[in-house]
Amino acid sequence: MSHPLAALFSPRSIAFVGATERSVWTRAAFANLATLGYDGKLFLVNRKGGEVLGHPAVSTIAEIGEPVDVALLMVPSEALLDTLPELSVAGIRNAIILSAGFAESGAAGRELQGRLTSLARDHGISLLGPNCLGFVNYTSKAPVWTVSLRPQRARNAKIAIISQSGALAAQMSYFAQWQGIGLTYMVSTGNEAGVGVAQVIDYLVDDPATRSIALFLESVRDAPAFARACLRASQAGKPVVVLKIGSSEVTVRSAQAHTGSLVGDDRVFDAVCRRFGLVRVTSLEDLILTAEVLARWGRLPAGGLGLISLSGGLCEIAADRAADAGVSLPALSSATSARLAAALPNFGTPHNPLDVTGGALLDPSLLEKSLDAMTDEPEFAAVVAVLDVASATADDSKLLRQLLAGVATAQARASRPTLLISHTVRPFSELSEEIIDITGCNYLPCGVEHGIRAVARAIEWSRLARELSCRDLSVLQSGCMSREEPRSERQVLEYLQRRGVPVIPARVVNSADEAVRHARALGSSVALKIVSPDIPHKTEVGGVMLGVTGDDDVAAAYEQILTSARKAGPQARIEGVSVGPMRDAGVELFVGTMRDPQWGPVITVGLGGVWVEALRDTSLRLLPISQADALAMLDELRGKALLNGFRGTPAVDRNALASVIVALGDAALALGSELVSLEINPLRANGEQIEALDGWAEWASSG
């Protein structure tokens, strides 16, 4: 590999700087070299020289006397600023820092880490850490890892682990071994003063042995680099499965903006995953198992899931779990049903999920024939069979070997990806490992719960990957930048109208007489609303009157609105009262944008009016969005049935509605980085008529 990090992660020479027999870290790192069978050069540096763990040691880095690929620094944090220049003089360009006491420990630690980063940059040194356990390259048997490793039994390793927590990386590696899953790499990035998650992902995209990446993430420290690396991985067909915890405060969020309170950092990260093709999970088990399923299968064809079991009850459980995971179980075609009917006992029923019945214990070929038929079903993206191998004993292994030999034969000739899973999460025992090795069966003892979730995410990732492969994200542009800075409701609505958003024809008036004249001109009942850049929630201050008719009532409503608004907000700037026509019933939606400090502008769509806060039924994307994105957002709403026509109301023209949502997103982008939030609430949709009834903009600058 010619990647800039190749020497760091595939070292042929390693220096342990600060090595001492008293250190558990030194002893573990030294033992790990033997555990994996590292055959490169090793240099130990101890200021007293002599021997460390039976290996000769030099007293200074300069005494090594030859280039070294990577140095593991096990010196106190206060000594590191002197150590880096010594590495540079010795020609060592990669370093791993075990020490803690940096950014994770407060202001003084952050300042020290900043100095460390600058020093490494000045000397051209790539840093992994500080506060990290190092890395393991299982493929080339090169560990620079400071806690004890266990020998890797599994062959055909395909997944890599990246974790900002070294301790959790170790636990994930133990679980992977328990499941018979092999690893290509394990990397702990720690505080990421130099090399971060994004750079490691980028490195692994070029690694031929790594087929998928399991990522434990506490925070994203370099959002643009992370996005680029994940998109590159997706385009290369290498899934990134991520378990992200924690949330960061959206610092630009204002208490006045609806959108900020509806989004939150975690939902923005969901949108990031969708945009850049990441698979998000919520447990360590799912992180490893989903990465493994994706590594074994790669990109799946479009379709649902086929399921096979020897138990009707298990079929029902699996069907429920599939529904929970959002994966479809398509009905069998007539051709597949006919093939299964010919193979099954007369008490068996062709169905998906398929219960092959206990007849398979009498006729082991039944499972093979059923798998053959199911994998030819054109509506399936993949087929999963459930059979316990991990619980095998010597007494029942003969029958099990017969069953698995048939499964392996069917898997080898299957036209769709297949997987055999266990009923429950089980360890990969020595006997089960032996049976799987002999039969060559594609098996994972992950249990139905985790297995179905992993398969569902594999199907979803494949769909996202197909979309990304035919979509150039760089061409999603927002058009020309605008020099406008709309502040009041009417300014916002007028701006949106110029950007292609249909707006209700209301007028701002400054007297009761003017309100009456405009109401007469409209020739219908009217809605009156206070107009003020300081009053975003008009209803709460008595600033809205609806369905007003007649000159006297219009004049009275005008005066009442002004009185209520001035009482509720004596310092509020009042620009007048808007008078507009009342509209028939329709679906009210909320469409709003906000600027996330890490990921930039996002857009949210949900049910409007007061319901947006009460129900929080919203969908979110990073901007810019396409027409297809907007349509998908509408389809994700729990209340989407309202768009199809409800209690006599006409069905909403979704394409027209989606076009308005896209237009709002583009309008927000055109206003630039000083815009905090741009909202329409409500956006009225009634059949083909889409109309913004109220608008709001919030800016980082005051005024």
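Modeller: The account below begins with the chain as a whole and then turns to the backbone. The model is predicted, and its protein chain has 22 helices and 29 strands. Of the 703 residues, 56% count as buried. Most residues other than glycine have a negative phi, and most peptide bonds are trans.

Two cis peptide bonds may be taken in turn. One joins Asn352 and Pro353, with omega at about 5°; Pro353 is placed in the loop between helix H11 (334-343) and strand S16 (354-355). Another cis bond joins Leu623 and Pro624, where omega is about 0°. Pro624 belongs to the loop between S26 and helix H21 (627-636).

Strand S26 spans residues 618-622 and includes Thr618. Because its relative accessibility is 11%, under the 20% limit, Thr618 counts as buried. The side chain of Thr618 makes a polar contact with that of Arg267, at 2.4 Å.

Thr357 is not a glycine, yet its phi is positive, near 70°. With a relative accessibility of 7%, Thr357 is buried.

Glu192, likewise not a glycine, has a positive phi of about 60°. Glu192 is found in the loop between strand S11 (183-188) and helix H6 (197-205). Its relative accessible area is 13%, so Glu192 is buried.

Notes. Residues numbered from 1 in each chain as written. Predicted model: local features only at pLDDT ≥ 70, side-chain atom pairs only at ≥ 80, totals over all residues. Heavy atoms only, no water. Helix = DSSP H or I, 4+ residues; strand = E, 2+ residues; numbered from the N terminus. Buried < 20%, exposed > 50% of the residue type's maximum accessible area, 1.4 Å probe, protein only. Polar contact = N/O pair within 3.5 Å; in protein donor to acceptor, adjacent residues only side chain to side chain.
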